[in-house]
Every structure is written in structure tokens, then in C-alpha cells.
Amino acid sequence: MPLFCCPLCGGTLAEDPRALRCPAGHCFDRAKEGYVHLLPVGQKHSRAPGDDKGMVAARRAFLDKGWYQPLRDALCRLAVEMSGPRPVVLDAGCGEGYYTGGVHQALLSAGKTPLTAGVDISKFSLQKAAKRYPEVEFAVASAYRLPVAAGSASMLLDVFSPLALDEFRRVLAPGGVFLYVVPAARHLWQLKEVLYDQPYPNEEKETPYEGFVYDRIVPISHTIHLPSREDIQALFQMTPYYWKTPREGAVRLEALEALEVETAFQIHVFRRAAE
């Protein structure tokens with residue numbers, strides 16, 4: 001049974017070989033890659049919202065080389081540690097599924113029976129995700145209107161994605177785990193030194209959110225050596241800096257043949273408060 005529910009009426013979606021259907025008769029076909037499109041036309045702000053093909057390809061190329069493996073490993077350890085035998089995991093803003101698929105496999109390897117799903121507003125991301133991780137359910141949807149029933153998830157992942165707190169409170173069951181990944185102060189500092197004349201560190205703060213209780217903050221940091229212009233540009237293109245960097249900074253980056261850069265993350269670990 002899919003985790004997703006009908007985005008039009010909220011009804012339970014049942015699966016047939018090629019689509020998901022609700023009791024009211026709404027039908028959502030599966031794409032050839034395996035994902036379903038659960039973003040109603042009225043919720044789309046453009047014809048192809050979210051990351052485009054170029055950004056998705058750059059992120060896949062970068063992540064496939066293992067540069068962010070320490071972050072993925074840390075998320076997997078937390079997921080195994082903090083879940084029961086049959087966890088229901090939702091990745092809100094899953095991108096091409098790198099962390100979603102990693103967590104799912106870690107739970108299976110730990111002898112658990114997970115139901116794992118990911119949503120993203122970019123169909124190009126989910127084309128990659130669904131093809132590589134067919135055992136995970138993927139849907140095009142907005143994090144601000146998740147097609148998931150209230151209280152149905154026991155674990156929620158948000159890795160560099162929008163913080164849709166109202167929806168996260170709604171879909172996460174009391175006692176459920178929320179893993180929220182943000183950049184730490186010096187994340188990609190050397191990249192920013194090339195791009196900007198006066199770079200500034202990311203703000204680090206411990207922010208309490210209504211309906212959630214802090215468990216801990218897990219820091220993850222390591223230095224990576226990017227040996228080629230291709231790798232440098234892949235990193236650049238998968239960051240927000242790609243869209244807001246002055247041309248002069250982008251030109252300086254294009255001239256580099258290698259780059260050693262710090263990566264630094266914080267995993268904010270929450271529990272959903274009891275009602």
C-alpha cells in the first residue's frame with residue numbers, strides 16, 4: 001500500500017499496475033521511471049518547477065563520487081538508531097534520492113522493514129530517483145502540501161530543502177523523528193572565497209519549533225579535494241550560489257583546475273511532541 005494519499009480529495013490511494021487510484025475515482029498514472037505526479041496544476045508556479053535537468057545532472061555527478069558520503073552515513077546511522085522495526089520514512093525535498101535511497105538501504109540492512117517515500121517538486125529529480133531506487137515510492141509534490149495522511153510518517157527527512165513546518169507537524173506521528181540538515185558556518189567556505197569579494201559564514205543557531213522537541217545537533221565536517229574543473233562546476237551548479245553569483249566570481253571559478261574545500265553540515269534531530 002503506497003504511503004501517498006490523493007492530493008485532490010485526501011482519499012487513500014490504491015495501486016494497480018500502472019497508476020494510483022482513490023475511492024473517488026481520481027487516477028494518477030505512473031511515469032515510465034516509476035514515480036507518480038501528485039502536484040495539482042493549481043499548485044504549480046511554472047511549467048517545470050524545481051531543479052532543472054542541468055542542476056539534477058550536476059548533483060547526481062557530484063554525489064556519485066562520494067563527496068558527501070559522510071553526511072549520508074550519518075543520516076543512515078541516526079535513522080537506524082532512532083527507528084522501530086517497521087519505520088515509515090518520508091523524505092520531503094528528496095531530489096534525486098541520494099539520501100532517501102541510502103537511508104532505506106541502511107534500514108533494510110539493519111533487519112528492519114521500512115516503507116520509504118520521497119517527494120520533490122522537480123520531475124527531473126524524480127526521473128533519476130525512481131529509476132535508481134525502485135524499492136522507494138516517489139512522487140512529484142510540494143513540501144507545503146504533502147500528499148500524505150496526518151500522522152502517517154514515523155520519520156521525516158529534510159536535507160537542504162524548504163522547512164514546511166505546518167505540514168511536517170501534520171504528517172509526522174507523535175514521537176516521530178525529524179532529521180533536518182542545514183549548512184554549518186564554514187560549509188563550502190573556499191568556494192565562496194572564490195565567488196565573492198566578501199564571503200560570510202552561514203548562521204548557526206538552535207531554533208525551537210512548535211510541536212517538536214530537540215534531541216541533539218550532530219555536526220558533520222570534512223575536507224574534499226576536487227581534482228578537475230568538471231567536479232568544481234558540478235558542485236557550483238548544485239548550490240544556490242549558481243543563481244546569485246556575480247559574473248566576475250563565476251569567471252574566477254571557471255579558471256580553477258582544482259579546489260580543496262571544506263564541507264560542514266549540522267543535522268538537527270527532533271522528536272515530534274505528543275499531542
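This is a predicted model: local features need pLDDT of at least 70, side-chain atom pairs count only at pLDDT 80 or more; totals for chains, interfaces and linings use all residues.
Select residues 98-109. This is α3, with 12 residues. From its first C-alpha to its last, α3 reaches 17 Å, close to the 16 Å expected at 1.5 Å a residue.

**Stop two: its buried residues.** Now show the surface of the rest. Nine of the 12 residues of α3 are buried, so the helix is largely enclosed by the rest of the structure. To find them, pick Tyr98, Tyr99, Thr100, Gly101, Gly102, Val103, His104, Ala106 and Leu107.

**Stop three: the neighbours.** What do the buried residues of α3 pack against? Two helices come up: α1 (53-63) and α2 (69-81). Strands β5 (88-92), β6 (115-120), β7 (137-140) and β8 (153-159) are also there.

**Stop four: α2 against α3.** Keep residues 69-81 and 98-109 on screen. Two packed helices are described by the angle between their axes and the distance between the axes. Here the angle is about 45°, and the axes of α2 and α3 lie 9 Å apart. That angle makes α2 oblique to α3. The crossing of the pair is right-handed.

Next, colour the residues that make the contact. On α2, take Gln69, Leu71, Arg72, Leu75, Cys76, Ala79 and Val80. On α3, take Tyr98, Tyr99, Gly101, Gly102, Val103, Ala106 and Leu107. By class, this contact has 10 nonpolar, three polar and one charged residues.

**Last stop: just past the helix.** Select Gly111. This residue comes just after α3 and takes a positive phi of about 85°.

Conventions
Residues are numbered from 1 along each chain as its sequence is written. Side-chain values use heavy atoms; hydrogens and water are left out. Helices (H or I, at least four residues) and strands (E, at least two) are DSSP runs, numbered from the N terminus. The expected span of a helix is 1.5 Å times one less than its number of residues. Buried means under 20% relative accessible area, exposed over 50%, partly exposed in between (1.4 Å probe, protein chains only). Contact means heavy atoms within 4.5 Å. Axes are lines fitted to C-alpha atoms, for helices over the stretch in contact, and angles run from 0 to 180 degrees between N-to-C directions. Angles under 35 degrees count as roughly parallel, over 145 as roughly antiparallel, 65 to 115 as roughly perpendicular and the rest as oblique. A crossing is left-handed if the near helix is turned anticlockwise from the far one by less than a right angle, and right-handed if clockwise. Ala, Val, Leu, Ile, Met, Phe, Trp, Tyr, Cys and Pro count as nonpolar, Asp, Glu, Lys and Arg as charged, and the others, Gly among them, as polar.
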